[in-house]
Amino acid sequence: RPECEKPSEESKEPVTKEVTMPQIGGPWKLLDLDGNPVTEKILQGHNYLLYFGFCNCPDVCPQTLSKIAKAMEILGKEVDIEKLNLKTVFVTVDPDRDNKKRIEEFLSLFNIPIIGLRAKSNDDPDLREMLNKYRIFANKIELADKPNSKGKIPYTIDHTVITYLIDKDNKCIRHLSPTLAARDMANIIKEALLPKSQ
């Protein structure tokens, strides 16, 4: 059973009806950094790591992306990286602030290519639909009662911190906890994507 399926509960009673549990993921629609509409089809044929975060995140997001970059570095030394056909995708949960320039600057801090995706706004229905499909919680938390000198109330985003490993058919096959070390992350990816003989 893939790790991204929600497990069914065991029961001692006879099963009279098969219940289909909800899956993680599914079709989505977002924008690339130039504002062009894109869907999951742009990643068809590629395995990819999918992470939801925001550029103003002070710790967890940069730490997680740093671990992903380190895991990719480890994999590059141990296996034929081309066989993994693995990309990294960052979806901002804060497009109100994360424009093209901000995302590019943020992603440039990490030593791997990362595909940045966004929506029109934090309340964009397409973004909300994707977050729901991936069971990602993202909520704005205001940090002050009054606007700052720019006339805006500062805020942060409380959000689910998890990385998904998606296969070439856009199916979620693993989830990677933020507590994993880069070494463990690399091992999980290698085990999931390479034949046992390698």
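Buried means under 20% relative accessible area, exposed means over 50%, and partly exposed is in between, with a 1.4 Å probe and protein chains only.

**Ground rules**

This is a predicted model, in which local features need pLDDT of at least 70 and side-chain atom pairs count only at pLDDT 80 or more, while totals for chains, interfaces and linings use all residues. Residues are numbered from 1 along each chain as its sequence is written, and side-chain values use heavy atoms, with hydrogens and water left out.

**Entry 1: the whole chain**

I started with the secondary structure and got 5 helices and 9 strands. Helices (H or I, at least four residues) and strands (E, at least two) are DSSP runs, numbered from the N terminus. Along the sequence they follow the pattern β-β-β-α-α-β-α-β-α-β-β-β-β-α. The chain has 198 residues, and 41% of them count as buried.

Next I looked up contacts, meaning heavy atoms within 4.5 Å. Taking the contacts with a separation of 6 or more, I found that 68% join residues 24 or more positions apart.

**Entry 2: the cysteines**

How many disulfides does the structure hold? I found 0, a disulfide being a pair of cysteine sulfur atoms within 2.5 Å. Cys55 is in none, and its nearest cysteine sulfur, in Cys61, is 8.5 Å away. For Cys61, the closest cysteine sulfur is that of Cys57 at 3.3 Å, which is too far for a bond. I also checked Cys55 for burial: its relative accessibility is 4%, so it counts as buried.

**Entry 3: the core**

A nonpolar core is a set of buried Ala, Val, Leu, Ile, Met, Phe, Trp, Tyr and Cys residues joined through side-chain atoms within 4.5 Å. In soluble globular proteins, nonpolar side chains tend to be buried together.

Here the largest core has 59 residues, and the members touching the most others are Leu50, Phe52, Tyr134 and Tyr164. Helix H1 (residues 60-78) gives this core its largest share, 8 residues. I then picked Leu50 and skipped its neighbours within four places in sequence. That left contacts with Val89, Val91, Met130, Tyr134, Ile162, Thr163, Tyr164 and Ile166.

H1 has 19 residues and reaches 27 Å from first C-alpha to last, close to the 27 Å expected at 1.5 Å a residue. The expected span is 1.5 Å times one less than the number of residues. Among the buried residues of H1 I noted Cys61, Pro62, Leu65, Ile68 and Met72.

Which residues of H5 are buried? They are Ala182, Met185, Ala186, Ile189 and Leu193. They cover an arc of only 100 degrees around the axis, so they sit on the same side of H5. The arc is that of the directions from the helix axis to the C-beta atoms. What covers these buried residues includes H1, strand S3 (47-53), strand S4 (86-92) and strand S9 (172-176).

**Entry 4: Asp94**

I found Asp94 in the loop between S4 and helix H3 (100-107). Is Asp94 buried or exposed? Its relative accessibility is 0%, so it counts as buried. The side chain of Asp94 makes a polar contact with the side chain of Arg97 at 2.6 Å. A polar contact is a pair of N or O atoms within 3.5 Å; within protein, one must be able to donate a hydrogen and the other to accept it, and residues adjacent in sequence count only if both atoms are side-chain atoms.

Leaving out neighbours within four places in sequence, Asp94 is in contact with Gly53, Phe54, Asn122, Tyr155 and Ile157. Gly53 is 41 residues from Asp94 in sequence, and their C-alpha atoms are 7.8 Å apart.

**Entry 5: positive phi**

Phi of Arg135 is near 55 degrees, a positive value in a residue other than glycine. Arg135 is in the loop between helix H4 (125-133) and strand S6 (138-142), and it is partly exposed, with a relative accessible area of 40%.

Asn170 also has a positive phi, near 60 degrees. I located Asn170 in the loop between S8 and S9, and it counts as buried at 11% relative accessibility.
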